[in-house]
Amino acid sequence: MGLLAPTRRELILLAAGAASILVFSAVSPYFGTVDNAAAILRNSVELLLIGLGITLLLAMGSIDVSVGVAMGLVAIVVGKCLEGGLDPALAALAGPLAGAALGLLTGAVVILGSIPAIVGTLGLFGIYRTAIFAALGGQWLSGLPTGLTELLSARVMGIPVTFHVIAAVYLAVWVALRHTPYGPHLLAIGNSAEKAKLSGIRVSAVQFATFVVSGALAGLAATFYVATYRNVEMTTGGSLALDAIAAVVLGGTSVLGGTCSLLGTVLGVLVLRILQNGLLLSGVPSLWQTVVTGGLLVGVLAIEAIAARRPRLLAAGAGR
Amino acid sequence: MSRSSAQGSAVVLTGLVLLWIVVVGGLAILNPSAISTATVASILQFSTILALVSLGQMLVILAGGAGIDLSVGGIVSLSAVLGMLGLKAGIPAPMLPAVCLAAGLLLGLFNGLLIARLHILPLIATLGTLFAYSGLALALTGGAAQSGVPAWLLPWGRGALLGIPLPVLTIVVPVFLAAGIVLSATAWGRWIYAMGCNERSARLVGIPVDRTRMILYGLSGLLAGAGGLVSLAWLGSGRPNIGQNLELESLTAAMLGGVAIFGGRGRVGGVLAAVLLLVTLRTALLQLNVNTLWQVGIVGALLVLVLLSDRLTERGDDLWRRLRASLPNGWRRGPIELSRR
């Protein structure tokens, strides 16, 4: 199965995205503007970076629900660096580095303790949240220096640096999956860690690497977060991991491991953000956003499961 | 598993009691005035919802198949909110408890439908419904607490008999007793353990695995609905965020109480003891003026430590078995020697 060839799910998401853009453009005059498109893309950055990490973890048959609050924790590190007068370029690097360190810690708990990832990272979720609280001491980090913001919104060849960075990250992950042994090893572990081990794959090493990469991506997301909002509050990143898991699963990566779709993750993130933005502009209160996320996740999976039970229903359209 | 189930649960209970003594002892030293019958009553009162939800969580985990119910908190919130909205929509007040319970049951059965009929992984299915249920509770109310709980419900929610809160006496105790009896003394209860130990064999011997699992998710929802009802009677209003963090707490209670995450092992007594320990810890921190946000971290740390120690004792058992096997014949004791003869 090709990692980049569009699957049925990716085509469905593409169609869903196009349809919702048409509908929302008709409903709200504010939706179909260049500014709003930029805002949607801007809002997708953190979710996309964390989503790419989650994609790798799910493909490996693992999961990390603590990665969102890990981003919040790293955002404090980046914020403190900026406050301390560190050079913005160095502060930008501090994000991925601190994120990788947290990823190493998460990986150590899950892999060395051989704890099921879902419960282990749920425990770490609580620990990281308290760490955020302890680090902030009950106060927001706000009014941070603008150096980092200027650095990342500067334009190279007419396109913001942010976009270049995201494209580079996507390409790097794609190359790693497609053109290095890492990709097949990751998917083999996702299919069966036992068999992967028997066939000579260094399972723990690959698992550690994936947790570190996912952490580093969350750290990079923290850099972008700080650059955009220039403040860090107690709830920063609180629901991001669950949103990312929803987006990744929507994109067609199975939680069972052994498959993954990077393009699907990008599309899943965009569809989710387009829907949330469009509903908001159509006058639906923001409280409905979680309902939409959950409904979309349950709806897509249920439809797919029903279709799988009655193969003839969709056989004509599916072509397999 | 080298230890028998009964021995295992005795170890768990002893550990929990020791931890509990440490917590109570620490509180007694740091703030002696906090040790009172009022504190005991408030611990029990605060335990009610967590105990109900943790029992449901335990049941779905016990039955295996990667069972987990992340939506319990969402169901608590949504069933409380639906009860109050139903009241406003003109449903007669005496029907309120029935509405809450029915809402919980239906929401739980919907989880069961996704998991047992459509075979969506429980983790993802209940993640989706956690979003949907807790989101709906907030969206339907605009985030505002719904007042107007009928006055006749409050004495039940806030009253006590011999220092024990009425919801504990009338719901928690009967429900845990019933669950304990069903799990240990009925065929249906043995089915649940059998499913958790080996689902394939359970299917082969004719246990209706899918139907049983569906019912268990329904029960988890029903218990969460009862939690929502208790929150109404206790707080006097329907709060759309009352169920927040219950998924983390109930999972911790189940793990701490000796339920194996892969199913097939666990006792209700352990879960109840774990709930009491968690709530005692929370109350102690409250009495010591520690900010509530520290609790989330402490609960998380407890969860990780329990799982780590579980692995370590298993490794310890392994080591002990190997050590014993390497001893000269006359030194060997226990099953190894018996099986040789």
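Visitor: How many salt bridges turn up over all chains?
Guide: A search of the whole structure gives 5. Keep in mind that this is a predicted model.

Visitor: Why would such side chains pair at all?
Guide: Opposite charges can pair when the charged atoms come close.

Visitor: Which residue does B:Arg213 meet in a salt bridge?
Guide: B:Glu199, with N to O at 3.1 Å. The pair links distant parts of the chain, 14 residues apart. B:Arg213 sits in helix α10 of chain B, residues 209-235. B:Glu199 belongs to helix α9 of chain B, residues 199-204.

Visitor: B:Arg213, buried or exposed?
Guide: Buried, because its relative accessible area is 8% and the cut-off for buried is under 20%.

Visitor: And how does B:Glu199 count?
Guide: As partly exposed, at 21% relative accessibility.

Visitor: What does B:Asp210 pair with?
Guide: B:Arg203, again through a salt bridge, at 3.4 Å from N to O. B:Asp210 counts as buried at 19% relative accessibility. B:Arg203 counts as partly exposed at 37%.

Visitor: Which residues are linked in a network of salt bridges?
Guide: B:Glu199, B:Arg203, B:Asp210 and B:Arg213.

Visitor: Next one. Which partner does B:Glu249 have?
Guide: B:Arg282. Their closest N and O atoms are 3.1 Å apart.

Visitor: Switching to chain A. How many residues of helix α11 are buried?
Guide: 10 of the 11, over residues 240-250 of chain A, so the helix is largely enclosed by the rest of the structure.

Visitor: Which ones are they?
Guide: Among them are A:Leu240, A:Ile245, A:Val248, A:Val249 and A:Leu250. A:Asp243 is buried as well. Several alanines are on the list too, including A:Ala241 and A:Ala244.

Visitor: What covers those buried residues?
Guide: From chain A, the cover includes α1 (8-27), α2 (34-59), α3 (67-83), α12 (262-281) and α13 (289-309). Chain B contributes α5 (122-141).

Visitor: What about the backbone just after α11(A)?
Guide: A:Gly252 takes a positive phi there, about 105°.

Technical notes: Residues numbered from 1 in each chain as written. Chains lettered and ligands numbered in written order. Predicted model: local features only at pLDDT ≥ 70, side-chain atom pairs only at ≥ 80, totals over all residues. Heavy atoms only, no water. Buried < 20%, exposed > 50% of the residue type's maximum accessible area, 1.4 Å probe, protein only. Helix = DSSP H or I, 4+ residues; strand = E, 2+ residues; numbered from the N terminus. Contact = heavy atoms within 4.5 Å. Salt bridge = Lys/Arg side-chain N within 4 Å of Asp/Glu carboxyl O.
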